[in-house]
Amino acid sequence: MLYASPILSTAYFFKEDFLKILDCRDRDLAKIAMSDWINSALPQLQKCANTMINWLTGILNSFSSTITNGLY
């Protein structure tokens, strides 16, 4: 299915690239990966990318601290 639709394929691999960011073990590496992801955002995902920019400090802090307000 991915290869039948170039748009779907691009969106899928863009999502996969985002998941790789979550595997970063270091804040600096995560910052580089997040910046690359944001700068290559598809037009359809620009609103999402803008949200990431607005929350970037908090998102990156999660890579250097084990404290979270999320449910376990």
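Predicted model: local features only at pLDDT ≥ 70, side-chain atom pairs only at ≥ 80, totals over all residues.

Me: OK, at what angle do the axes of α1 and α2 cross?
Reply: Helix α1 (residues 6-22) and helix α2 (residues 27-39) have axes that cross at roughly 165° and come within 9 Å, and therefore α1 and α2 are roughly antiparallel to each other. Axes here are lines fitted to C-alpha atoms, for helices over the stretch in contact, with angles running from 0 to 180 degrees between N-to-C directions. Helices (H or I, at least four residues) and strands (E, at least two) are DSSP runs, numbered from the N terminus.

Me: And which residues make the contact?
Reply: On the α1 side they are Phe14, Asp17, Phe18 and Ile21, and on the α2 side Ala30, Ala33, Met34 and Trp37, where contact means heavy atoms within 4.5 Å.

Me: Switching topic, how many aromatic pairs are there?
Reply: A search of the whole structure finds three; rings of Phe, Tyr and Trp (its six-membered ring) pair if their centres lie within 6.5 Å, and planes under 30 degrees apart count as stacked, over 60 as edge-to-face and the rest as tilted. In one of them, tyrosine 12 and phenylalanine 13 have ring centres 5.1 Å apart and planes at 80°, so this pair is edge-to-face. For phenylalanine 18 and tryptophan 37, the ring centres are 5.0 Å apart and the planes lie at 55°, so that pair is tilted.

Me: Where do phenylalanine 18 and tryptophan 37 sit in the chain?
Reply: Phenylalanine 18 is in helix α1 and tryptophan 37 in helix α2, 19 residues apart, and their pair links distant parts of the chain. Ring pairs also link Phe14, Phe18 and Trp37 into a cluster.

Me: Last one, is leucine 42 buried or exposed?
Reply: Leucine 42 has a relative accessible area of 18%, so it is buried; buried means under 20% relative accessible area, exposed over 50%, and partly exposed in between (1.4 Å probe, protein chains only). Leucine 42 lies in the loop between α2 and α3 (46-54), and, not counting residues up to four places away in sequence, leucine 42 touches Thr10, Ala11 and Phe14.

Notes: Residues numbered from 1 in each chain as written. Heavy atoms only, no water. Parallel < 35°, antiparallel > 145°, perpendicular 65-115°, else oblique.
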